[in-house]
Amino acid sequence: MEAVPRMPMIWLDLKEAGEFAFNAAVKKSAVNVPRDFEAPPTLRKYFGQLHYLQSRIPMGAEQEAAVPIAWTEIFSGKTVTHEDIKYEQACILYNLGALHSMLGAMDKRVSEECAAGAFTYLRDHFPHSYSVDMSHQILSLNINLMLGQAPPCLLEKSMLDNRKSFLVARISAQVVDYYKEACRALENSETASLLGKIQKDWKKLVQMKIYYFAAVAHLHMGKQAEEQQKFGERVIYFQSALDKLNEAIKLAKGQPETVQEALRFTMDVIGGKYNSAKKDNDFIYHEAVPALDTLQSVKGAPLVKALPVNPTDPAVTGPDIFAKLVPMAAHEASSLYSEEKAKLLRDVMAKIEAKNEVLDQFMDSMQLDPETVDNLDMYSHIPPVLMEKCAALSVRPDTVKNLVQSMQALSGVFTDVEASPPQIRDLLEEDEAQELKLQELLGKAPVPQGSPPGLAEVSKECSKYVEVHEKASFTNTELHKAMNLHIGNLRLLSGPLEQVRAALPSPTLTEDDKQVLQNLKRILAKVQEMREQRLSLEQQLREMIQKDDITTSLVTTDRSEMKKLFEEQLKKYDQIKVYLEQNLAAQENVLKALTDANVKYAAVRKALAEVEHKWNTTVQPPLASYEAYEDLMKKSQEGKDFYTDLEAKATKLLEKARAACQAAEANRQQILEK
């Protein structure tokens, strides 16, 4: 069957154009197209541009800019005129289908699906009252004829590709179904009267093809039975195929030689198959031959369909040459569509914001910061701020030594100053005792006479120095305490880094603790991923809505179809809405998992918080000591300067006290001598 000659096909005449007040060059190129494969694109472009034009200029029936449009009716040859631009579109569409049928008959059979698509769009979208050749009955007939003539090329390819016999049988059965529909239309009295003499020719050819393709279907059902080793079924299918082919041969009388040749070839194939199958079954297999009506019926496989026509597809129609003409109605419709988009966005955002509010409140109550929930890394190294101080002290190796020496120097000066006031007091007390002895020796009552003016001044100054020294002594003691406190920290910072690291605490976690922590981190990452995905989807939705401009489509859409167009256009948001719904629905499960993980994390959290507190209290003192070093050195120097000055004054006062005491003693000696 692979080399069977092809059956001739039915093709349709093209309509002839008459009067239409349109640009002559455009009109000529659109209605007088050549009968080749370059013509359909021209007709499609012209049809599309007419669609763009009629949506902007009121050229429809009974509209202001309507002009007479004339075309010849196929069956009667009469000129039919209508003042409606859709009539021009309908006739162009009819010619597009007829042209494809003609090209299909020229052995380019894929054109039949295009022809069926053009006639289907014409039947479903245009009035049927323009002319009888575009009536509902005639167009339905044309559609079924074209669909019936489309599968043979697929059938031939399936046989050449050695596809399964059952598939080839189903394709053949579908051809039979299409031709039966066409035959019923041809038998309709109204259709028959419209077609005239051609009706009989078409009906005879179609009936012949019904039997022919039914024979092909049963031939391949027999081949399937043969593959399944059902030899009785094989005989009855081949016998049925032979019977149907004989019917086709009877109906083929008067058909062209190509038909006769195809039938003879097919008879050779089917006859040979039948004779061989019957002989084998009679002498070898001896299987019972079932009745045909007891076997599985062959259902058609609709592998071809009318190719859709889209008058606004720019890939077919080219750019809209009337794009700058946008009617006010289209602007108004665009505003309505914008409101539909805004409503969609409001609905989605209400759901997002409600979920976000729940999520924010939940995360605030948990007090879980994804950035710090796992702070184990901070314990694996010395803090950078501490490293900075260690580095600074590494280039100043005498820091601690200098501070110790400064403390010692301060203590020395302090001790020196501390020795002078007691000596002065001793001198004054000795002088006072000698004065009392003199009074007793002279036999007078020991009435205090008061110190001589020089000694009184010394006593006063000594008391002042003692007071200043006592106050300074407290400050000096506090300074020494501070120095002793900071020296240990400074020694730590100046020492090896291993020693610094060893001084810092670190957490001790069990494997279970680490697992709890990892699980919490994983769920927190899920929360963050959910947030980011939600935000990304929201931004995508906003961008889609912002860029969604269907004004061009609205221009070419009838007002009655606006609602349907809106619904179709809004479907583009369905996928992203599904993604958002899935994201929002996942939140409940994620938060439940986070709650469970947080309960298990409580003990680990407490332990980590304690270690972190200890870590901070360990890190801060060395930092404070480093910052205090310069201040300590400064205060130590100020202390030394103060005590040095005080020591000099105390020494001078001691000398002054000695001189005053010596003068008082000399005075007492003079009194005794007298």
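1. Asp133 is buried, with a relative accessible area of 0%, where buried means under 20% relative accessible area with a 1.4 Å probe and protein chains only. The residue lies in the loop between helix H4 (111-125) and helix H5 (136-149), helices being DSSP runs of H or I of at least four residues, numbered from the N terminus.

2. This is a predicted model, in which local features need pLDDT of at least 70 and side-chain atom pairs count only at pLDDT 80 or more, while totals for chains, interfaces and linings use all residues. Residues are numbered from 1 along each chain as its sequence is written, and side-chain values use heavy atoms, with hydrogens and water left out.

3. The side chain of Asp133 makes a polar contact with that of Lys15 at 2.7 Å, and the Asp133 side chain also reaches the backbone nitrogen of Ile74 at 2.9 Å; a polar contact is a pair of N or O atoms within 3.5 Å, of which, within protein, one must be able to donate a hydrogen and the other to accept it, and residues adjacent in sequence count only if both atoms are side-chain atoms.

4. For "coiled-coil region", an unreviewed UniProt entry lists residues 520-547 and 647-674, in the numbering used here, with feature names shortened and annotations that may be inferred rather than shown by experiment. In the model, residues 520-547 are 100% helix and 0% strand, with end C-alpha atoms 41 Å apart, and residues 647-674 are 96% helix and 0% strand, their end C-alpha atoms lying 41 Å apart; strands are DSSP runs of E of at least two residues.

Methods: Buried < 20%, exposed > 50% of the residue type's maximum accessible area, 1.4 Å probe, protein only.
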